[in-house]
Amino acid sequence: MAKEKRVKGDGKRLAIQAAVTLAYNFKLWNFLSGSISQGKAKSVCVPGLNCYSCPGAVGACPMGALQNTVRNGGRISFPYYALGMLILFGAVLGRLICGFLCPFGFVQDLLYKIPFFKKLRSFRGDRALRWIKYAVLLLLCILFPMFLSGDWATVPFFCKYICPSGMLFGAIPLTLANPALASQAGGLFWWKIAVLAVIVLLSLAISRPFCRYLCPLGAFYGLFNRIAIVNLQHSDDKCTHCGACEAVCPMGIDPVKDFASTECIRCTRCARACPHGALHLGIGAQKNSDKKQAAANRRKAARKNK
């Protein structure tokens with residue numbers, strides 16, 4: 001059975017992800033009582049996908065906040081706070097949030113570590129499927145809440161019909177702790193169970209399928225990867241194009257070809273796997289001096305070969 005290739009430092013990253021998940025949901029006693037935590041902090045958005053309705057949640061999901069404020073009380077309103085927080089998180093960290101600060105990303109990473117008969121780094125149609133998350137962001141999280149009327153006017157479509165994180169950390173614990181609530185579970189509940197089950201099964205063979213194909217939060221943060229303050233940097237003068245970074249990338253991309261890719265979750269596996277230190281997290285974009293040095297090295301090598 002195929003296993004995920006280990007990279008030095010993976011354990012530390014998992015520990016950070018676990019600590020962040022606990023920090024988002026530290027009111028653990030609510031999971032036993034089956035109640036949803038309350039308080040002023042619930043109006044503050046956390047960076048990752050962590051449902052407001054999770055029993056232990058101490059903050060709000062920015063994507064849920066966006067949907068709920070874009071159609072406030074059935075009237076279209078500009079989501080100043082939710083959108084502002086999303087832009088702030090994205091401008092500073094980009095998709096590093098996906099790699100380190102998202103509970104459901106953590107769950108997918110754990111699932112992918114389970115041995116499975118075949119691990120798929122990529123497959124036919126993979127690239128096309130990645131566009132779905134942008135459609136989810138635009139349609140379910142923005143346009144539908146803004147323009148549908150009647151009973152649909154205030155529905156948070158992504159949260160209600162797709163979000164597996166809310167199902168795993170919210171609906172399932174609440175249902176297990178409340179027999180009365182469990183007795184009322186209907187078609188929508190079982191639909192979301194099916195969505196979660198499919199993502200769990202896919203996560204055994206494909207690294208982070210939800211992040212790749214469906215997550216609107218990752219789609220939004222990815223738009224900032226090229227300008228985020230914290231960025232993945234590549235030193236061309238150190239790179240030998242050995243392919244070690246590409247072989248361990250959980251998102252199935254080549255960091256050398258596009259180290260600012262919208263798909264990159266800044267997990268640093270590529271940097272830790274590189275035997276030459278050609279990749280690293282830093283502040284800002286790649287320095288011009290790296291490019292100039294690389295060009296000088298190539299000219300020097302060409303002169304030696306003459």
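# Close-up views of a predicted model

The structure holds eleven aromatic pairs. The model is predicted, so local features need pLDDT of at least 70 and side-chain atom pairs count only at pLDDT 80 or more, while totals for chains, interfaces and linings use all residues. Residues are numbered from 1 along each chain as its sequence is written, and side-chain values use heavy atoms, with hydrogens and water left out.

**View 1. Aromatic pairs.** Rings of Phe, Tyr and Trp (its six-membered ring) pair if their centres lie within 6.5 Å; planes under 30 degrees apart count as stacked, over 60 as edge-to-face and the rest as tilted. Phe 116 and Phe 117 form a tilted pair, with 4.7 Å from centre to centre and 45 degrees between the planes. Phe 116 counts as partly exposed at 22% relative accessibility, whereas Phe 117 is exposed at 64%. (Buried means under 20% relative accessible area, exposed over 50%, and partly exposed in between, with a 1.4 Å probe and protein chains only.) Phe 189 and Trp 190 make an edge-to-face pair, 5.1 Å centre to centre and 90 degrees between the planes. Phe 189 is buried, with a relative accessible area of 17%, and Trp 190 is exposed, with 53%. Ring pairs also link Phe 104, Phe 158 and Phe 210 into a cluster.

**View 2. The largest pocket.** The largest pocket has a volume of about 520 Å³. Among its 22 lining residues, the closest to the centre are Cys 51, Ser 53, Cys 159, Lys 160 and Lys 192. Helices H3 (62-70), H9 (157-161), H10 (164-177) and H12 (187-205) are the elements that give two or more residues to this lining. (Helices, H or I with at least four residues, and strands, E with at least two, are DSSP runs numbered from the N terminus.) H10 gives the most, with five residues. By class, the lining has 14 nonpolar, six polar and two charged residues. Ala, Val, Leu, Ile, Met, Phe, Trp, Tyr, Cys and Pro count as nonpolar, Asp, Glu, Lys and Arg as charged, and the others, Gly among them, as polar. On a 1 Å grid over the protein atoms alone, a pocket is an open set of points where a 1.4 Å probe fits, with protein on both sides within 12 Å along at least five of seven lines; lining residues have an atom within 4 Å of a point. Grid points are joined across faces, edges and corners, and a volume is the space filled by probe spheres set on the points.

**View 3. The second largest pocket.** The second largest pocket has a volume of about 190 Å³. It is lined by 14 residues, and those closest to its centre are Glu 4, Tyr 112, Arg 121, Ala 247 and Cys 249. Its lining divides into six nonpolar, one polar and seven charged residues.

**View 4. Salt bridges.** The count comes to 13 salt bridges, each a side-chain nitrogen of Lys or Arg within 4 Å of a carboxyl oxygen of Asp or Glu. One of them joins Lys 113 to Glu 4, with the closest N and O atoms 3.2 Å apart. Lys 113 is in the loop between helix H6 (103-112) and helix H7 (126-129), and Glu 4 is in the segment before helix H1 (10-24), 109 residues apart. Asp 10 is buried, with a relative accessible area of 9%. Arg 269 forms a salt bridge with Asp 10, the closest N and O atoms being 2.8 Å apart. Arg 269 lies in helix H16 (residues 269-273) and Asp 10 in helix H1, so this pair ties together parts 259 residues apart in sequence. Arg 272 also meets Asp 10 in a salt bridge, at 2.9 Å from N to O. A network of salt bridges links Arg 95, Asp 126, Arg 130, Lys 133, Arg 212 and Glu 263.

**View 5. Two residues with positive phi.** Most residues other than glycine have a negative phi. His 241 has a phi near 55 degrees and lies in the loop between strand E3 (230-234) and helix H15 (244-248). Arg 266, also not a glycine, has a positive phi of about 55 degrees and is placed in the loop between H15 and H16. His 241 counts as exposed at 56% relative accessibility, whereas Arg 266 counts as buried at 1%.
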